[in-house]
Every structure is written in C-alpha cells, then in structure tokens.
Amino acid sequence: LDRRGLARVHSIADWDERVVAPHFGFGSARNYWRTQSVHTRLGELRVPTLAVLTRRDPMVLLHTVLPHLEAHPNIERIILDEGGHVGFPPAVDLGLGAPPGGAPVAEQMLDWMRAR
C-alpha cells in the first residue's frame, strides 16, 4: 500500500479492505470477515469457554458477536464497559471472585480456567 492509499485508511474496515483482504487473498473485507470470523466455529466448542467482551471494542463490535455467543451453552459471557479488544484497564474486576486488591484480567481469566 502506497502512502496515498494508506492516507485513505480511517478505520479497521478500511484497513481490512485495503490491506488484509487483498494481501491474504480474501478479495474483500466482507469476505474476510465472513470466512474468518470465530462465530462459524463456535458450535464446535465442547468445553466451558469464557468470552470477555466490551461495549467499546473497536475491532469486535458487541452487537455482531453477541447473538452467536448466546446460542451456545458452553460459553460464559462477561460484558465490560471498559477496555477493548485485548486491552483492559488494570483495575477491571470480572466479577469472578478476584482477591482483595484485584488482579489483572489475564490472571482472573486463568483462575476461571483453572477452576474448570
């Protein structure tokens, strides 16, 4: 992508359309999203799964994934107001019984996995 093309990238959708899709042979961002989205494989889950989502995730919009998650009994959902994609503020409590003083989100998720 040349500088002029890069200057026209203003969103994740633009990036996927102009960079990801053509570079990896998907043809379009829409085709990339349709064929690579995790929702197409959620039905294969056979173990308890924790999905930590945020209302402001810039890459995975809650309204696009929530209907797919709600259809699967093995998926426990936690929806946060803070954070986005894989970034969470250090003091976020997932409501899973973190120790007094809190724990990083990753540690809380690991504790959830260990308990199962």
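Predicted model: local features only at pLDDT ≥ 70, side-chain atom pairs only at ≥ 80, totals over all residues.
**Entry 1. Layout**

I listed the elements next. The protein chain has 5 helices and 2 strands. Read from the N terminus, their order is α-α-α-β-α-β-α.

I then checked the overall dimensions. Along the principal axes, the C-alpha atoms of the protein chain fill a box of roughly 50 × 30 × 20 Å. The radius of gyration of the protein chain is 17 Å, whereas a compact globule of 116 residues would have one near 13 Å.

I looked up burial for the chain as a whole. Of its 116 residues, 23% count as buried. I also looked at contacts with a separation of 6 or more: residues 24 or more positions apart account for 46% of these in the protein chain.

For charges, I compared mean positions. The 13 positive and the 13 negative charges of the protein chain have mean positions 7 Å apart.

**Entry 2. Trp15**

I found Trp15 in helix 2, which covers residues 12–24.

I set aside residues up to four places away in sequence and asked what Trp15 touches. The list is Leu6, Val9 and Val20. I also took a distance to Ala91: Trp15 and Ala91 are 76 residues apart in sequence, and their C-alpha atoms are 31 Å apart in space.

**Entry 3. The aromatic pair**

I searched for aromatic pairs and found that the structure holds 1. Phe26 and Tyr32 form this pair, which is tilted, with 5.0 Å centre to centre and 50° between the planes. I looked up Tyr32 separately; at 24% relative accessibility, Tyr32 counts as partly exposed.

I placed Gln36 in helix 3. Its relative accessibility is 47%, so Gln36 counts as partly exposed. I took the distance from Gln36 back to Phe26: the two are 10 residues apart along the chain, and 9.6 Å separates their C-alpha atoms.

Val38 lies in the loop between helix 3 (29–36) and strand 1. Is Val38 buried or exposed? Val38 counts as exposed because its relative accessibility is 52%, and the exposed class begins over 50%. I noted one distance for Val38 as well: Val65 is 27 residues apart from Val38 in sequence, and the C-alpha atoms of the two are 8.9 Å apart in space.

**Entry 4. Val52**

I went on to strand 1, residues 49–54, where Val52 lies. At 14% relative accessibility, Val52 counts as buried, because the limit for that class is under 20%.

Which residues is Val52 in contact with, leaving aside its neighbours within four places in sequence? I wrote down Ile78, Leu80, Phe88, Leu94 and Met109. I also looked up Ala13, which is 39 residues apart from Val52 in sequence and 22 Å apart from Val52 in space, C-alpha to C-alpha.

How values were computed. Residues numbered from 1 in each chain as written. Heavy atoms only, no water. Helix = DSSP H or I, 4+ residues; strand = E, 2+ residues; numbered from the N terminus. Rg over C-alpha atoms; globule rule 2.2 N^0.38 Å. Buried < 20%, exposed > 50% of the residue type's maximum accessible area, 1.4 Å probe, protein only. Contact = heavy atoms within 4.5 Å. Lys, Arg positive; Asp, Glu negative; His and termini not counted. Charge placed at Lys NZ, Arg CZ, Asp CG, Glu CD. Phe/Tyr/Trp six-rings, centres within 6.5 Å; stacked < 30°, edge-to-face > 60°.
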